[in-house]
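Colleague: I have a model open and a few things to ask about it. Can we go through it piece by piece?

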Amino acid sequence: MADTHIALAVIFDVPAGEDYKSYFPKFYAKVKAGTKDTLYYGFATCGNKVLCREGYTNAAGMLAHTAEVKDELEGMIKQIGKEKVKILCSGPPSELEKIKPHMDGRLPIKFVDLDAGSLLLNAFPKGCADTHVTILPEFIVPAGKVDEFKAGFPKFYAATKNGPGAAGCLYYGFGFSGDSMYCREGYKSAEDCMKHGADVKDIIDEPLKAVGAANFKLNVVGPAAELEKLKPKLAPRGAVFWELDAGSFWL
C-alpha cells in the first residue's frame, strides 16, 4: 500500500532557561479535541531543542490542526523567537501544493516531495500511546546525481517490503527537497529498526559512499529506552537522538 500521509517536524531551538515543557499538555489537549485527520502527535527533546513530530492523513488535516493550535503556537514562538523555529514538511507533491499558500511566511519551512513508491507496510495504531521510532536520514546529493539516486529507490523498496523487517515497519519512503534526499522511516520498535538495517545492509553503503560522511545527516526520534538500543549502531554515524515525551499519542 502507498504511503501518502503528511509528516511534519517542527524544531524549536529553545534559549537556555526558557520553560517549554509547560506547553506540551496544552498542545496535547488541543490536538486530542481537534481534527480526526491527525494520525500521531508528540514532542521530543535533544538538549535545549524541542521537536514536534506530527502526522496527518492529508493536507486538509494538517491545515485544520494549524488553525486549532494557532494561539498556543504564537505564544511559544513569541517566547523563543521566530528565528529559532524550523519546519520540515513531507508528503505527496499534490498535497504539499495545498499547504504551501497557507504557511506562515515568517517561519523557514522545507517541503519534501514524497516519492510515489513510498510504502505503508502496516496499519497505524489508533487511540494509544505513540512509541514508534522515526529514522530520518538526509543525503546531500552531488550535482547531476539526482537521477542516479532515484534509480536506486526500487531496490530499497523491494528489500524493505520483502525482508524480515517488514513486519515491524510502519512507513518507508524517499523524498527530495532541492539537493537533499530524505528517507522517511517509521518502525514499531528499535528491534524492528535493526531488522530493517539488516535487510538493506548490502545496498546502503553505495549511497553513503556517493555523498560522503560530511553530506550525510541522521535524526532518530523515539522513547528513551528504544534510543538506547540504537545508539551503539547509529551514534558512530553521527546520529542526533530525540527523546520522545511519554505524552505522545496515536489519535
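Modeller: Start with strand E8 (residues 133-140): six of its eight residues are buried, so E8 is largely enclosed by the rest of the structure. Buried means under 20% relative accessible area, exposed over 50%, and partly exposed in between, with a 1.4 Å probe and protein chains only. Helices (H or I, at least four residues) and strands (E, at least two) are DSSP runs, numbered from the N terminus.

Colleague: Where do these numbers come from?

Modeller: This is a predicted model, in which local features need pLDDT of at least 70 and side-chain atom pairs count only at pLDDT 80 or more, while totals for chains, interfaces and linings use all residues. Residues are numbered from 1 along each chain as its sequence is written, and side-chain values use heavy atoms, with hydrogens and water left out.

Colleague: Back to E8. How many bridges join E8 to E10, and in what sense do they run?

Modeller: E8 and strand E10 (residues 180-187) run antiparallel and are joined by six bridges. Val133 has Tyr187 of E10 opposite. Two strands pair if DSSP finds at least two bridges between them.

Colleague: And E11?

Modeller: Strand E11 (residues 216-222) pairs with E8 over six bridges, in the antiparallel sense. Opposite Val221 in E11 stands Thr134.

Colleague: Now E1. Which strands does E1 pair with?

Modeller: E1 pairs with E3 over eight bridges, antiparallel, and with strand E4 (residues 85-91) over six bridges, also antiparallel. On the E3 side, Asp13 stands opposite Lys49; in E4, Lys86 is the bridge partner of Ile11. E1 itself (residues 6-13) is mostly covered, with six of its eight residues buried.

Colleague: What about His5, buried or exposed?

Modeller: His5 counts as buried, because its relative accessibility is 4%. His5 lies in the segment before E1. Its side chain makes a polar contact of 2.8 Å with that of Asp3. A polar contact is a pair of N or O atoms within 3.5 Å; within protein, one must be able to donate a hydrogen and the other to accept it, and residues adjacent in sequence count only if both atoms are side-chain atoms.

Colleague: What else does His5 touch?

Modeller: Not counting residues up to four places away in sequence, His5 touches residues including Tyr40, Tyr56, Phe124, Tyr171 and Arg184. Contact means heavy atoms within 4.5 Å.

Colleague: Other histidine, then. Where is His196?

Modeller: His196 is in helix H7 (residues 190-200) and is buried, at 5% relative accessible area. Leaving out residues up to four places away in sequence, His196 touches Thr160, Gly165, Tyr172, Glu185 and Tyr187.

Colleague: How does H7 pack against H9?

Modeller: H7 and helix H9 (residues 224-234) pack at an angle of about 30°, with their axes 9 Å apart. That makes H7 roughly parallel to H9. The contact is made by Ala190, Glu191, Cys193 and Met194 of H7 and Glu226, Lys229 and Leu230 of H9. Axes are lines fitted to C-alpha atoms, for helices over the stretch in contact, and angles run from 0 to 180 degrees between N-to-C directions. Angles under 35 degrees count as roughly parallel, over 145 as roughly antiparallel, 65 to 115 as roughly perpendicular and the rest as oblique.

Colleague: Last one. Which residues of H1 are buried?

Modeller: In H1 (residues 23-32), Tyr23, Phe24, Phe27, Tyr28 and Val31 are buried. They lie on the same side of H1, because they cover an arc of only 130° around the axis, taken from the directions from the helix axis to the C-beta atoms.
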